[in-house]
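Subject: Structure for you to look at

Hello,

Here is the structure we talked about handing over. Please look through it first; my notes follow below.

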Amino acid sequence: MKEKLEQIKAEAIRQINESEALDKLNDVRVSFLGKKGELTAVLKGMKDVAPEERPKVGQLVNEAREEIERVLEEAKANMERKLREARMKAEVLDVTLPAMKSRLGHRHPNTIALEEVERIFIGMGYEVVEGPEIEKDYYNFEALNIPADHPAKDEQDTFYINSDILLRTQTSGVQVHEMEKGKLPIRMLAPGRVFRADEVDATHSPSFHQIEGLVIDRNITFADLKGTLAEFARELFGEDTRVKFRPHHFPFTEPSAEMDVSCFKCGGSGCRFCKGEGWIEILGCGMVHPKVLRMCNIDPDEYTGFAFGVGLERIALLKYEIDDMRLLYENDIRFLRQF
Amino acid sequence: MNTSLSWIKAYVPELDCTDQEYRDAMTLSGTKVEGFSRLDNNLEKIVVGRIDRIERHPDADKLIICQVNIGAETIQIVTGAPNVKEGDLVPVVLDGGKVAGGHDGGPLPEDGIKIKAGKLRGIESCGMMCAIEELGTSRDLYPEAPEDGVYVFRKQVTPGADAVEALGLHDTVVEYEITSNRVDCYSVLGIAREAAATFKKPFHAPAVNVQGNNEDVNQYISVEVKDTDLCTRYCARVCKNIKLAPSPEWMQRRLASCGIRPINNLVDITNYVMMEYGQPMHAYDLSTIAGNKIIVRRAKDGDTFQTLDGQMRKLDSEILMICDAEKEIGLAGIMGGENSKITDTVDTVLFEAATFNGANIRKSAKRVGLRTDASGIFEKGLDPRNAEAAINRACQLIEELGCGEVVGGIVDVKEPFAELRQIAFEPERINKFLGTEISREEMLEIFERLELAYDAQTNLITVPSFRQDIECFADIAEEAARFYGYDKIPTTLPMGESTTGKLSFKLRIEQKARDVAEYCGFSQGMCYSFESPKVFDKLLLPADSPLRGAITIANPLGEDFSIMRTISLNGILTSLAANYNRRNKNVRLYELGNIYIPQSLPVEDYPDERMQFTLGMYGDGDFFAMKGVVEEFLAGIGMKARPKYDPNAGKPFLHPGRQALIRYKDAVIGYLGEVHPEVTDNYDIDTRVYVAVLDMPELLPYASFERKYEGIAKYPAVSRDISMVVPKGVLVGDIEQVIEQRGGKIMEEYELFDIYEGAQIKAGFKSVAYSITFRAEDRTLEESDVASAMKKILNGLEGLGIELRA
């Protein structure tokens, strides 16, 4: 009996080792371990074995079965591994073939620049708001301390609908709308489209964008204005950016200033980009004029504030080194895809 | 405004700085220096030479050989200049020296032109005699220079002396940007005062004293101002025995540095005083003034007047005129008249220095179409106190220059001056406002330099009349800040109550629109808000379309930019057309921008500014691709219900069979479709174009960023496929409506999986197949549940004339 089992086992292992495919292995399993298999036949012949021998024979049969199964599994794993390796060998890719991309669209450079600016000021607690593009004279001029005969109101610059209604020439009017709401303190950022009667050329457009900033609170100082805008410049143009404030004049701020940043191309040593100046003019700003506060029913003895206005196109042109403003409104896909 | 630095130094003699230091310091104290140019740039080794002997060149008709004494020695120079003669004193550039440009007066080369000794037609030449253009300047500024040839000194200069010095070219012309509030700085004295304060040096205004003869000016002229609202002061003086001659060199040089061409002593004096004091003046030939009388009054509508440039000008009743007893003789503040202008035979001159209403001058100059140096200054609104000083300064110069005899006295007609402003001195408040710790003493020192007088008793600062810009505390603070130095003010961040930084809900929705559009392959364009009224025809809008009721700009750049758009399509179609024309393939663009719907015409109040999310594309993709983008966006902003598409959109600019209104619940939130082929023709696009326009204000009420977890289904779904033969006119939308209405609560979703028209289907019908999924939240569905739901659906479909396919 024992010999027979050894024989069966040896035969099974021989057949396993000779098998070259998974289905052959399965045949071996069936012919030895299946219902009609040889080992099963041995078990069936147990009735001829003496009862006291049976456990021993049973054990031998089980051992043989386990051994065959073990060898079978091993052979199967081995074969599967080889197959997988062969398949992978056949599946080698030329990884330098072009990528398959879904064609994403591109944001306009103005918007990219705007979102940068918004991110910086939202981080400082500013709420982004909007105002009307078709505006009343009062909000665009008068409430900003630009009286009726001021040269800034000259028709050369302003598109009028009628004597009272115009296309806003600046986003500064949003300051007035916000202040009139009577909710203090204010920290607002108002981006938007503005219009001036300039013919289209490489540096002018009759329609462009400004970003207006306004802070009104108790104890706001000119030093706060400087600190805030210096922080903004570093965030937008890089940690090493230096700023310079020059006195200037705007009717709705006093004192007023223009802010230059150190040229982010040459670091301030002077290059073609900054026309050898080392500095680039970025924005106008100032402390909100007491007359403007008073017109908005804010007591200038109690509250002070600062305001600033940035030309969005100016930032976009500088930051992305775009040399012609007309590109921003042509919407040529070859231009837009570069952003 | 331009001035020479030497002119500034005439009033601030202790000013000692380099050009760059001047530029930086002035800019930081508020007088922005735009640039400066050295007049002696690239002028090297140029001395005065005296031509001692001239011989003909043996081999060239047009050349001569000059022996030129340059002080220490005599050198030989060959020249082609036609104008020189023996004894002439001329500028000579020596071997190895440099000149600024060529004799043709063209653009100056950056590094100048190097001059070397050499031979001209075989004859040694050791330098070059210079034309005025070669010295980097022009005959406009040196009128005595010959039109063609070498500059010859009129005055006595010593051979060997620095010729650049002798020409007054060791100087710097500084260009300033003066802000509109600083009227006083449109004058050399104003800038000099700022320079003195900036560099903390004493400021010396010119000492004005006029002798005058013992006659009385009132015997010569009387003045009557009728329109005192437009003329608050009129000063007149008379000078007789006028002797016209060139003005002295120093005056010519100073005028030239401002870009003003020297003419003669009389004209130059008026221009000089205009630049020096910022007060334009005018000179009339007294003999042309009828009745010895000046009347200042408004013109009459329809009058015409010939200005001294010979042009006829149309007048109106808002234009102020200077008149004599009979006629108009000058456009006040703008230009004098042909009939009273100074000629070479003038004997007696009437000087005028007046203060006109700035806004009126600005508007008049514009209407007349004549903007002069004088009107440009007047329109800023002048200090009436300045007029008298200026006219006396002019008369002083008449006397000093020997130009004539000044008649004693002045005619001065004026309105009462406004009182000088007084402002309390509040140093603590200034420091609190600026965030500084400037000492009281330092502030007072600054104010003193600016001629802001402080009275310790009243604690008031008195503002001089020329500083019209200083009105209140904040202005005083700015003066302190400017001269303390903006750069020395610390940098801090605002303290106080914290606020929440955020985008408004509308802006967040727009941000999502950008994200979805870009995810779907659309790039962002930007289009103008104004366009041409022709757009309506291009878009095939009928004559009575309300969209044609656009807001019109009163003063547009041209018809193409004359109306505020009422529909956003033109922008995107124009952009697509530009891309198509440039052969860009597969272009997808979107735009977020307003349209402007007037509440009434003519416009009386704010119009309705409606943000439009406009998408347009050509190339890959079709109507349903565009529809997909719309639905992605709606899903992205939390609009989860199925939008409905109404094919009866009635948009004339879209393909009649390929357009739909987009309905969401009760609102029409936009439309989409294929652009009408006639419209694409109008835009020169020779391919199919698809557009979608979403009217953001309409969909905003339905949008939300709220999200809630609804659980994942626990019980299995059952699905049923139905295949139908549908009359062609029935829309799948109609079928879906039946499925939705009749499917009951257990109907979870449905999906169109096949639609077919063709040979196997009978004419006038199409084959449509849906897969409908049922599921209950609380149990496994029984066969009977599904069967009854299906039965209801099928009954409903039969009502549409639909047959089930086996």
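Chain B has 20 helices and 40 strands as its secondary structure. Please keep in mind that this is a predicted model.

Overall form of chain B. Its C-alpha atoms fill a box of roughly 125 × 80 × 60 Å along the principal axes. The radius of gyration of chain B is 41 Å, whereas a compact globule of 806 residues would have one near 28 Å. Of the 806 residues in chain B, 42% are buried. Among the contacts in chain B with a separation of 6 or more, 71% are between residues 24 or more positions apart.

Domains. The assignment for chain B lists domain 1 (2-39 + 172-199), domain 2 (44-166), domain 3 (217-414), domain 4 (422-488), domain 5 (505-702) and domain 6 (718-804). Chain A is divided into domain 1 (2-90) and domain 2 (109-336). The centres of these two domains of chain A, again over C-alpha atoms, are separated by 86 Å.

Nonpolar cores. The largest one has 202 residues. Within this core, the residues with the most contacts are B:Cys130, B:Val349, B:Leu350, B:Phe351 and B:Ala394. Leaving aside residues up to four places away in sequence, B:Val349 touches B:Val238, B:Cys239, B:Ile242, B:Leu266, B:Ala283, B:Tyr284, B:Asp285, B:Leu286 and B:Ile342.

Contact between the chains. Chain B contributes 77 residues to the contact and chain A contributes 71 residues. On the side of chain B that touches chain A, helix H12 (residues 473-484) of chain B gives the most, with 7 residues. By class, that side of chain B consists of 38 nonpolar, 25 polar and 14 charged residues. The two chains also pair through strands: strand S1 (residues 127-128) of chain A and strand S27 (residues 502-503) of chain B run parallel and are joined by 2 bridges. A:Val128 has B:Leu503 as its bridge partner in S27(B).

Regards

Note on methods:
Residues numbered from 1 in each chain as written. Chains lettered and ligands numbered in written order. Predicted model: local features only at pLDDT ≥ 70, side-chain atom pairs only at ≥ 80, totals over all residues. Contact = placed C-beta atoms within 7 Å. Helix = DSSP H or I, 4+ residues; strand = E, 2+ residues; numbered from the N terminus. Nonpolar A, V, L, I, M, F, W, Y, C, P; charged D, E, K, R; others polar. Pairing = 2+ DSSP bridges. Core = buried A, V, L, I, M, F, W, Y, C linked by C-beta atoms within 7 Å. Buried ≥ 20, exposed ≤ 12 C-beta atoms within 10 Å, placed from the backbone. Domains from an automatic or database assignment. Rg over C-alpha atoms; globule rule 2.2 N^0.38 Å.
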